[in-house]
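Trainee: Could you show me how to read the core and the salt bridges of a structure that is new to me?
Mentor: Gladly, let us look together.

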Amino acid sequence: REYWEIVAGEIIPPVIDGEAEFLRQALALLPAEPWTETVWRDWIAALAAATGREGAVLTGPLRLALTGEEDGPDMRGLLPLIGRTRVAQRLAVAGS
């Protein structure tokens with residue numbers, strides 16, 4: 001049930017202090033739909049190349065912005081279910 005709320009609900013992510021610029025870059029590099037099962041991997045690769053980040057410093061702020069949680073299910077499967085519109089909205093809120 002919790003995961004359904006993440007996918008289809010109205011998650012209001014926290015504003016993540018010190019990550020506004022990174023989240024704006026993440027939004028700018030967010031791939032267009034349709035999304036396949038490789039969208040997370042492709043997006044993370046583009047962000048890593050653009051920012052020089054890797055590991056949890058790269059994925060942690062994204063997970064928090066997109067799910068409102070620091071831990072959870074594999075984002076590879078979750079991202080396509082959330083959809084580009086919700087992802088973009090959540091990134092904008094968390095980066096404000």
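Predicted model: local features only at pLDDT ≥ 70, side-chain atom pairs only at ≥ 80, totals over all residues.

Trainee: How many residues does the largest nonpolar core have, and which have the most contacts inside it?

Mentor: A nonpolar core is made of buried residues joined through side-chain atoms within 4.5 Å. Here the largest one has 27 residues. Leu 23, Trp 43, Leu 62, Leu 79, Val 87 and Leu 91 have the most contacts inside it. At least two residues of this core come from each of the helices H1, H2, H3, H4, H5 and H6.

Trainee: Which residues does Leu 91 touch?

Mentor: Leaving aside residues up to four places away in sequence, Leu 91 touches Leu 23, Ala 26, Leu 27, Trp 43, Leu 62, Ala 65 and Leu 66.

Trainee: How many salt bridges does the structure hold?

Mentor: For a salt bridge, look for a side-chain nitrogen of Lys or Arg within 4 Å of a carboxyl oxygen of Asp or Glu. The structure holds 4. One of them joins Glu 19 and Arg 53, with the closest N and O atoms 2.7 Å apart. Glu 19 sits in the loop between H1 and H2 and Arg 53 in the loop between H3 and H4, so the pair ties together parts 34 residues apart in sequence.

Trainee: Is Glu 19 buried or exposed?

Mentor: Buried means under 20% relative accessible area. Glu 19 has 15% relative accessibility, so it counts as buried.

Trainee: What about Arg 76 and Asp 74?

Mentor: Their side chains meet in a salt bridge at 2.5 Å, N to O. Arg 76 is partly exposed at 47%, and Asp 74 is partly exposed at 40%.

Technical notes. Residues numbered from 1 in each chain as written. Heavy atoms only, no water. Buried < 20%, exposed > 50% of the residue type's maximum accessible area, 1.4 Å probe, protein only. Helix = DSSP H or I, 4+ residues; strand = E, 2+ residues; numbered from the N terminus. Contact = heavy atoms within 4.5 Å.
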